[in-house]
Amino acid sequence: MRCLACCSGVMVAVLLAMPALGAEDPAAPPAAIVPDCDAPGERSEAIELFCRGMRRGDEGDTDGAIADLERALALQPDLLVAQVPLGTAYYHAGQYERAIAALDIAVAQLPPNYMVLANRSGAYLRSGNLAAARADIDRALTLSPNDPQLLENRVVIARLAGDFQTVIDDASWLIDHLPPKASWLLDRGKALGAESRLEESLMDLTRAAQMDPSADTYYYRGVTYYFMAYYQAALADFNQVLTLDPAFEPAYLKRCSTQYQLKQFQAGLADCDEYVARRPDAFDGHYTRGILRSRAGDQQGALADYRRAIELADDPADAVNAWYGVGITSERAGDRKAAREAYRQTLTIDPDYRLAQEALKRLGK
């Protein structure tokens with residue numbers, strides 16, 4: 001049965017050569033009987049269907065594989081190994097709950113196998129059960145410690161869980177023990193950046209860019225340069241991202257922010273305009289464009305962006321910053337009354353917002 005790669009980066013593969021547990025273990029399930037589909041001789045209808053389902057899966061005929069494997073199990077329910085390719089076929093068909101159900105049977109009734117657990121982990125991940133996906137990949141690694149594919153899978157899962165230390169640890173093992181891949185350096189560099197270990201992040205991302213000068217790598221290195229206040233270097237990397245991939249939307253916003261730091265307001269506005277056009281309902285685009293519009297002297301345009309950002313804000317911390325933007329922009333436009341009202345609204349959300357406190361003192365309450 002062929003391997004499957006889900007878009008999250010987790011590999012799903014079928015392995016039917018399952019080791020049997022020792023007979024001295026009273027809790028051991030019975031050893032799996034794996035039909036030899038290449039052996040000559042007559043086979044039962046269930047085994048024929050099993051073998052044809054396996055071939056169809058290899059050929060990419062997922063629906064045919066499902067039909068054959070389901071029929072094989074209907075005819076011979078104790079053909080438990082069929083649950084493994086059936087679960088994988090369900091996965092490939094996007095039927096993740098059915099994939100989990102089939103693999104649950106395999107996990108419960110067949111000898112422990114790390115690839116079956118890895119398969120179920122991928123199905124859990126796709127169904128949105130991150131905790132279960134993580135439990136399965138951790139268990140798989142106890143059966144096959146330091147397996148490179150399993151470690152790569154756990155990097156994906158840990159990153160989604162926000163466990164950046166596990167990403168760093170697993171990627172480090174891969175980098176230290178195997179010929180480094182750019183993807184491992186990129187994963188570790190991103191995780192190091194998330195942990196504010198910016199110098200280390202920059203080293204990894206630079207190595208990754210040398211090995212694979214991709215838009216992703218340049219983008220994350222640009223972000224690292226930005227947070228290190230190396231704005232010219234950040235700008236160069238964001239330029240490179242958009243040369244390689246003009247559809248890389250986040251790079252427009254980050255290049256806009258970088259140009260703001262370099263006081264290149266008009267150039268930055270062009271990038272913010274592009275980002276807002278591509279993501280009209282994104283808070284960050286309107287908020288950032290409001291900052292640049294205000295700095296460029298377009299106070300009415302800035303007010304429109306800030307107010308739209310307030311409408312779009314899901315997080316009070318975002319809304320409070322946008323309200324402060326309304327205040328400072330109204331003040332620049334000479335509308336002291338509107339500025340005071342905006343600063344008061346800012347303090348209603350966050351009474352400790354120091355800049356709004358100072359602004360009210362400046363304007364008089």
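Reply: Start with V155, which is found in helix α7 (residues 148-160). Helices here are DSSP runs of H or I with at least four residues, strands are E runs of at least two, and numbering goes from the N terminus.

This is a predicted model, in which local features need pLDDT of at least 70, side-chain atom pairs count only at pLDDT 80 or more, and totals for chains, interfaces and linings use all residues. Residues are numbered from 1 along each chain as its sequence is written, and side-chain values use heavy atoms, with hydrogens and water left out.

V155 counts as buried because its relative accessibility is 3%. Buried means under 20% relative accessible area, exposed over 50%, and partly exposed in between, with a 1.4 Å probe and protein chains only.

What does V155 touch? Leaving aside residues up to four places away in sequence, its contacts are V167, D170, A171 and D187. A contact means heavy atoms within 4.5 Å. D187 sits 32 residues from V155 along the chain, yet their C-alpha atoms are separated by 7.7 Å.

H286 lies in helix α15 (residues 283-295). H286 is buried, with a relative accessible area of 7%. Again not counting residues up to four places away in sequence, H286 touches V276, P280, D305, R308, A309 and L312.

Now the cores. The largest nonpolar core has 47 residues, and F50 and L79 touch the most other members. Helix α4 (residues 96-109) supplies the largest share of this core, seven residues. A second, separate core holds 23 residues, including L202, A209, Y225 and L242. Such a core is a set of buried Ala, Val, Leu, Ile, Met, Phe, Trp, Tyr and Cys residues joined through side-chain atoms within 4.5 Å. In soluble globular proteins, nonpolar side chains tend to be buried together.

Step back to the whole chain. The protein chain has 19 helices and two strands. Its radius of gyration is 28 Å, well over the 21 Å that the globule rule gives for 365 residues, so the chain is more spread out than a compact globule. That radius is taken over C-alpha atoms, and the rule is 2.2 Å times the number of residues to the power 0.38. Along the principal axes, the C-alpha trace spans about 90 × 40 × 40 Å. Buried residues make up 49% of the 365 residues. Of the contacts with a separation of 6 or more, 50% join residues 24 or more positions apart.
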